[in-house]
Amino acid sequence: MRIIGKKMSVVLALMASTSMAQAEDVEVLHWWTSGGEAAALGVLKDTLKSQGIGWIDMPVSGGGGEAAMTTLRARVTAGNPPTAVQMLGFDIQDWAAEGALGNLDDVAAKEGWDAVVPPALQAFSKYDGHWIAAPVNVHSTNWVWANKAVLDGLGIAQPTTWDEFVAAMQKVKDSGKTALAHGGQPWQEATVFDGVVLSVGGTEFYKKAFVDLDPEALGGAQMVEAFKRMETLHSFTDANFSGRDWNLASAMVINGDAAFQIMGDWAKGEFLKAGKVPGTDFLCFRVPGTDGDVSFNSDQFAMFKVDSEAAKAAQAQMAADIMSPTFQSAFNVVKGSVPARTDVPNTAFDDCGKKGMADLAAASASGNLVGSMAHGHANRAAVKNAIYDVVTAAFNGEYDAETAAKNLADAVAAAK
Ligand code: GAL
């Protein structure tokens, strides 16, 4: 009789915990599957768990989130959207326009988001004046990550101009090491292109091309030069770059098999996860020629419309957690990004994080903050994907720089 009694008490305890978890669970669709990304996500999971909110994980691997957005479309079409979804820029606006997202105005008002979230982010977090997403961070894409021992061993100083960068990569290549670690996937080529276009013509050219979609900017001489620089970068990659995941390219620099990687600052999360220290083991610097410019993308959690009050309460709690200054510091220190709020001190951040925060503030003040084309903050998905196709084809040598610029102008004209 005693055994039955004990089993019953275990079953009752499990039922209680399940029913508690059931009432509060949030199902979260995201693409944070690398080591550094998962470590950062753990901070959010633990925060919610401490408040009794269960986490049903729905990871969709694939950097940049293309696969995740495809999976999301299928879920919504089936009438079964997740509770919360990691989303970028114009994708948030498109889902809001479909009426699919819940309203976060109450928690935003209670927590004072309007006063602390920069206008550049609010442009994507709000639709029709209503908060429909909570910004977790601000990443930026025009970064170079370098293995310090490799540079020191070859007597290479941190390059400050494009020509110095090319000379440095040539010196690494001549030594027999891989100069540029790269993952051959369209979103990664586009991420590199963010910084290359900025290096050619600064934020004015960048905005004319990727925000205004001006045919002259897209197909003109400056864009030809940008594609020529992509050809140069291709000449410094290894033979096996095609299809490589971004975090494996980061690992090549972490391990000293390669000198440089051009990648968003989520790459720093991989260096930190590997126990590497900025300034000692690796360098972080802006793509040469883009100092003062920042090409940003903000990860936001959009809350899909749900029926039950308990689910709405869990969404509001998750949004409040995401926007808390404590979380914004703890998460971004691990993720490699900087806080979405302007009132978070930089004390917990390393030198690269402090530089990222200072660069963001300076670029915002100087008008040199641009939304990343590669990560959905310059234009809608159809235009972004048209640019992806041309940039990747050009990077893989399907056509020369002049043809690439013409094809870019044509492809964007057809997509917009
Ligand atoms: C970006 C996202 C980052 C990181 C990166 C690589 O779009 O904003 O948080 O996930 O993709 O997957």
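**Disulfide and ligand site**

The torsion about the S-S bond of Cys284 and Cys352 is about -105 degrees, so the disulfide is left-handed. This is a predicted model: local features need pLDDT of at least 70, side-chain atom pairs count only at pLDDT 80 or more, and totals for chains, interfaces and linings use all residues. Residues are numbered from 1 along each chain as its sequence is written, and side-chain values use heavy atoms, without hydrogens and water.

**Disulfide**
- Cys284 and Cys352 are joined, S to S 2.1 Å.
- The count is one disulfide (a pair of cysteine sulfur atoms within 2.5 Å).

**Ligand shell**
- The ligand is surrounded by 14 residues (a heavy atom within 4 Å of it).
- The closest are Glu37, Asn297, Asp299, Lys335 and His375.
- Six shell residues are nonpolar, five are polar and three are charged (Asp, Glu, Lys and Arg count as charged; Gly counts as polar).
- Domain 1 (2-138 + 297-355) and domain 2 (140-295 + 364-415) each supply at least three shell residues; the bounds come from an automatic or database domain assignment.

**Polar contacts and cover**
- A side-chain N or O atom of Asp299 lies 2.6 Å from a ligand oxygen atom (polar contacts are pairs of N or O atoms within 3.5 Å).
- For His375, the distance from a side-chain N or O atom to an oxygen atom of the ligand is 2.8 Å.
- The protein covers 100% of the 310 Å² of accessible area that the ligand has on its own (Shrake-Rupley method, 1.4 Å probe).

Terms used
A polar contact is a pair of N or O atoms within 3.5 Å; within protein, one must be able to donate a hydrogen and the other to accept it, and residues adjacent in sequence count only if both atoms are side-chain atoms.
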